[in-house]
Amino acid sequence: MTKPYAPTFALQSDNGLVYAPADKANLFADSLESSFQPNQEILDIDHETMVNDNVQEALTQAPTTRPFTTKKKEVIKIIRKLKTRKSPGPDGTENIVLKHLPNEAIIVLLNIINAIFKLSYFPQCWKLAKVINIPKPNKDQKMPQNYRPISLLNSLGKVTEKVILNKLQTIMIENSLLINEQFGFRGKHSTTHQLVRVTQYVTDNFNKNRSTGAVFLDIEKAFDRVWHTGLIHKLIEYKIPDSLILLLNSYLSNRTFFVQVEDKKSTSRPIKAGVPQGSILGPYLFSIFMNDIPKHQDTNIALYADDTVVYASSTKPRQSIIYVQRHMELLQDWFTKWKIKVNVTKCESIVFF
């Protein structure tokens, strides 16, 4: 009773205003479904054919590596670190319930997770997301695109994701596969560290009477439009164990979502691209997808997830711009190959001199 009244707005559709919660839910779902699609307008047919053939061949082969396993103490540690205030997923199971599971139930969950690794199969019931929409501040709330979707996944699925993430991170770290320029979703790395790194470079060169040119790139719907086949191809190239690749392919494929407005739900919709929003594993998979971004000998690059900066220095401002431009030409070809679209209107360039 003490909370301020929060009015609900009608939504603008192609056929006029929508008032009913069920109609709003389906309108939101229509908007999101169009987002969870690969960028089809960006094509490199020869490269796409090569990637599809390579992935198809790999996925049809029986795994040659032994499946991973986990232990009860790892599962217990993950459950203990779950945040109790997190909203539940479609099954309604809250994290506090998992924290009070008896030993017998933990063993059952452990057996399920080990079976998932053995079969390289992620359960379909854990690939359904419940989406609620939060209005963006200072935006017209009649427009569906002015709402921020929040995806809620089942807690048991997220526990399993964490186990998978632990195995994947161990492989990437032990083999030094992640590039040093990527600071997103890595331990002891933050946006502040990356900002200090770039600022220090600019300052040091400024003190040497050198100019620095930089381009700040914005990737359009970066997480929502990751090309699944391209991601699996990159995992193969990094020589991730094939049993884990099969499991990650199962994890990404056939995912669905529905939108809930008040007590009404939209119809279930497919997710054909992107890393799962609201997941534990998804952000790390995105870092792997961006990991082979091309570098240039005359420039530097800084990344925090999808936020990308290309910068270079020279005694002449014009020369630093030329260096950056050469790197941008490399990036353009790479973006085309991997179906990545840059939002030109949100990109910025600057010269420090």
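**Close-up views of a predicted model**

**View 1. Glu220 and Lys341 are joined by a salt bridge, their closest N and O atoms lying 3.7 Å apart.** Glu220 belongs to the loop between β5 and α8 (228-237), while Lys341 belongs to the loop between α11 and β11, so the pair ties together parts that are 121 residues apart in sequence. Glu220 has a relative accessibility of 22% and counts as partly exposed. Lys341 counts as partly exposed as well, at 30%. The structure shown in this and the following views is a predicted model.

**View 2. Asp292 and Lys234 form a salt bridge in which the closest N and O atoms are 2.8 Å apart.** Asp292 is partly exposed, with 29% relative accessibility, whereas Lys234 is buried, with 3%. Salt bridges that share partners also link Glu41, Glu220, Arg225 and Lys341 into one network.

**View 3. The side chains of Glu181 and Lys295 meet in a salt bridge with an N to O distance of 3.0 Å.** Because Glu181 sits in the loop between α6 and α7 and Lys295 in the loop between α10 (282-289) and β9, the pair ties together parts that are 114 residues apart in sequence. Glu181 is buried at 15% relative accessibility; Lys295 is partly exposed at 45%. Side chains of opposite charge can pair when their charged atoms come close. In the whole structure, a search finds 11 salt bridges.

**View 4. An open sheet is formed by 4 strands in the order β9-β10-β5-β11, with antiparallel pairing.** Strands β9 (300-304) and β11 (348-352) stand at the edges, each with a single partner strand, so one side of each has no neighbour in the sheet. From one strand to the next, the twist averages 15 degrees. Strand β5 (residues 211-217) pairs with β11 over 5 bridges in the antiparallel sense. Within this region, Phe216 stands opposite Glu348 in β11.

**View 5. Helix α7 (residues 191-207) packs on the sheet and touches β5, β9, β10 (307-314) and β11.** The direction of α7 makes about 160 degrees with that of β9. Helix α11 (residues 317-337) lies across β5, β9, β10 and β11 and runs at about 145 degrees to β10.

**View 6. Helix α3 (residues 72-80) has buried residues, namely Glu74, Val75, Ile78 and Ile79.** Seen down the axis of α3, these buried residues fall within an arc of 135 degrees, so they line one face of the helix. The face turned away from the buried side of α3 carries the exposed residues Lys73, Lys77 and Arg80. The buried residues of α3 pack against α4 (95-99), α5 (103-119) and α6 (155-174).

**View 7. The largest nonpolar core contains 64 residues.** The residues with the most contacts inside this core are Val159, Leu168, Ile240, Leu244, Leu285 and Ile288. Helix α6 gives the most to the core, with 7 residues. Leaving aside residues up to four places away in sequence, Leu244 touches Phe68, Phe117, Ile164, Leu168 and Ile171. A second, separate core has 16 residues, among them Phe36, Tyr147, Leu153 and Phe257.

Notes: Residues are numbered from 1 along each chain as its sequence is written. This is a predicted model: local features need pLDDT of at least 70, side-chain atom pairs count only at pLDDT 80 or more; totals for chains, interfaces and linings use all residues. Side-chain values use heavy atoms; hydrogens and water are left out. Buried means under 20% relative accessible area, exposed over 50%, partly exposed in between (1.4 Å probe, protein chains only). Helices (H or I, at least four residues) and strands (E, at least two) are DSSP runs, numbered from the N terminus. The arc is that of the directions from the helix axis to the C-beta atoms. Contact means heavy atoms within 4.5 Å. A nonpolar core is a set of buried Ala, Val, Leu, Ile, Met, Phe, Trp, Tyr and Cys residues joined through side-chain atoms within 4.5 Å. Two strands pair if DSSP finds at least two bridges between them. Axes are lines fitted to C-alpha atoms, for helices over the stretch in contact, and angles run from 0 to 180 degrees between N-to-C directions. A salt bridge is a side-chain nitrogen of Lys or Arg within 4 Å of a carboxyl oxygen of Asp or Glu.
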